[in-house]
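Welcome to a short tour! Open the model in your viewer, keep the selection tool at hand, and follow each stop in turn.

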Amino acid sequence: MNTNATAKPKNLPWKDILACIEFKRKTPGRTKGINPPPPSYTVTDYVPTKPEYLPVDHLKAEDPAPVPSQTPATQLASDTAPAVPSSGLTAAQPSNGGSSSKRKATDTLESAAKKFKTNPDDTDPDTDADLDVTVQTVRSSAKIGRALTKAFSDDVMWIWYYDRQGIIQCSGINFIQDLPRFMVLLYALQRFDLHKWGRNKDFLPVQVEGKRCHEFKIKDVELGEVDLLLHTSHDERVTHYGLQGRATNVVPVTSEALTKKYGNFQDGMVAKIFWGEASRISEPEILDKVEEIAKVHPNVQGHIPQLLWHHTFTNPTSTIREALGVPEPTKGSRVLYILVFPKLHPITELDGRVLFDVWRQCILCHLTLWKEGVYHRDVSPGNLMWYWKDGKRIGVLNDYDLSSLANVQGPQGNERTGTVPFMALDLLTEEGQRGEVKHLYRHDLESFMWCFAWISLRYKEGVLLPRGLRPFDEWANLDAVACGEKKFVFQAHRKVPARLHKNPLMWEFVVDCFDVLDTHAFNRRKQLLRSTRRADKPINSEESESDIDGFLQSFKNTESWAALSKPPREPSQ
């Protein structure tokens, strides 16, 4: 046999894995219950296997180690989305309507808007080697839209189809008793090209200066042809993995067509590639509204991302579900987007008064947008950016793909969106996770406060502190409700590691912020208790413009806000 075929592969990347095939015996050496093959085969109507569908717990080890719980409600910090251990999956009930040969496997990764990364700003290498191969394959790139896994248990085989909308499982095939169907399947799989295995044929791999990149070209009504060279191996790429959900990737990009139109940008351009929910108003549409607001509001002008070009692919994940007759095929359907922006700098690079100034600019932009009917609803450090202009740092409120518009039908205030470590405490309760708490302005402003605490206590002069010296790591390993409980304790007691080096003024501001939050939460609880006693309608579900202004002003009134508001010294670029 050829030596290359039997040699153990070295450094085999997940993106090169086409499928996973799992073989399992219920009991080693078991033969009871496995019937011998018939003397001849005839094609007959499908006879369901027992069980017809593979129980999800087949993915578990015999004595599985406990894994961190994952929230179905939210994204990862800095807009990432991890794979969830396969032991977190739960099977759906078979669809109504007779003996269907496929079903949707809804799991704890239900069609939520975003998922939650294990550690928001962890830069360590991938440590999820124990995950199912198909999980790893799908999560390895936004350009891999789907994957298959074949699971064999004794004499029965099942196919699992994974994509960004969820999982579909076929009925079992007894490959001994139903050999003709099994052979047809093998013949079909033998004829698959890379596209049918789930690779996007529009992204062509190329080598540039010894590094793997991807080339994308498409006709454009305005520009004729747009050429994108995606530097997918670049050190500054952001690969936010996910088994289900958006799987946002941000990579440096070059383009002759866009450079010809816009000229060269000082820091270059980036492409944002993600699987957005098809039922949601798209980010380009929201940015059109944001740009209209910016024309008349100085607090918004220059503080929003500049969308250079975008493209929406035309093959949503619902297509296969409609073809298979899966119930509710469009629920949670996703479609691939690619957006190009000038490159921005992360706010985590900043410290002291400079950090406060950029953060404050983002708050004022967010406030105006909210009043004008654009609800961001996903404030996190990864969405707070900045750039240089005329020797000054300009804050940018970024990432509008989870935003909603006041006058547009679609997902509204009670939908569970956000990034768990930075979400308001009201939204991290069981009621909030069930969608029973309306997302208000004060929830987003509270997220700004959690962002400031996160950055100022976990970073020093723009550098992430080592493990053990930085607080809040455990927040990223908990589900939404448990994380909320941890944050509630911090808000009340403000305890951080004793060895943590704290900037005195920044720490004073963090304390002041959570004093304000604690006071407002206490007052709301008192009002709610009074209204309950009087059987009045709850008063916490709406807020007026004066409520919005008053809540922000309560932070501005602190002495530390005034101290930090003194203009920072801007170094030369």
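Select Cys-451: this residue is buried, with a relative accessible area of 0%. Buried means under 20% relative accessible area, exposed means over 50%, and partly exposed is in between (1.4 Å probe, protein chains only). You are looking at a predicted model, in which local features need pLDDT of at least 70 and side-chain atom pairs count only at pLDDT 80 or more, while totals for chains, interfaces and linings use all residues. Residues are numbered from 1 along each chain as its sequence is written, and side-chain values use heavy atoms, with hydrogens and water left out.

How many disulfides does the structure hold? It holds 0, where a disulfide is a pair of cysteine sulfur atoms within 2.5 Å. For Cys-451, the nearest cysteine sulfur belongs to Cys-362 and is 9.6 Å away.

Next, the core. Select Trp-359, Leu-369, Tyr-400, Leu-445, Phe-448, Phe-452 and Phe-555, the residues with the most contacts inside the largest nonpolar core, which has 78 residues. A nonpolar core is a set of buried Ala, Val, Leu, Ile, Met, Phe, Trp, Tyr and Cys residues joined through side-chain atoms within 4.5 Å. Another core, of 18 residues, lies apart from it; Val-226, Leu-230, Trp-275 and Trp-309 are among them.

Zoom in on Tyr-400. Its contacts (heavy atoms within 4.5 Å) include Glu-283, Ile-286, Leu-287 and Val-290, leaving aside residues up to four places away in sequence.

Now show helix α5, residues 283-294. Helices (H or I, at least four residues) and strands (E, at least two) are DSSP runs, numbered from the N terminus. In α5, Glu-283, Pro-284, Ile-286, Leu-287, Val-290, Ile-293 and Ala-294 are buried. They sit on the same side of α5, because they cover an arc of only 160 degrees around the axis; the arc is that of the directions from the helix axis to the C-beta atoms. Among the elements covering them are β12 (269-277) and α7 (352-371).

Move on to helix α12, residues 545-556. Its buried residues are Ile-548, Phe-551, Leu-552, Ser-554 and Phe-555.

Last stop: strands β17 (residues 384-389) and β18, which pair in the antiparallel sense over 6 bridges. Two strands pair if DSSP finds at least two bridges between them. Select Trp-388 to find its bridge partner, Arg-393, in β18.

How values were computed: Expected span 1.5 Å × (residues − 1).
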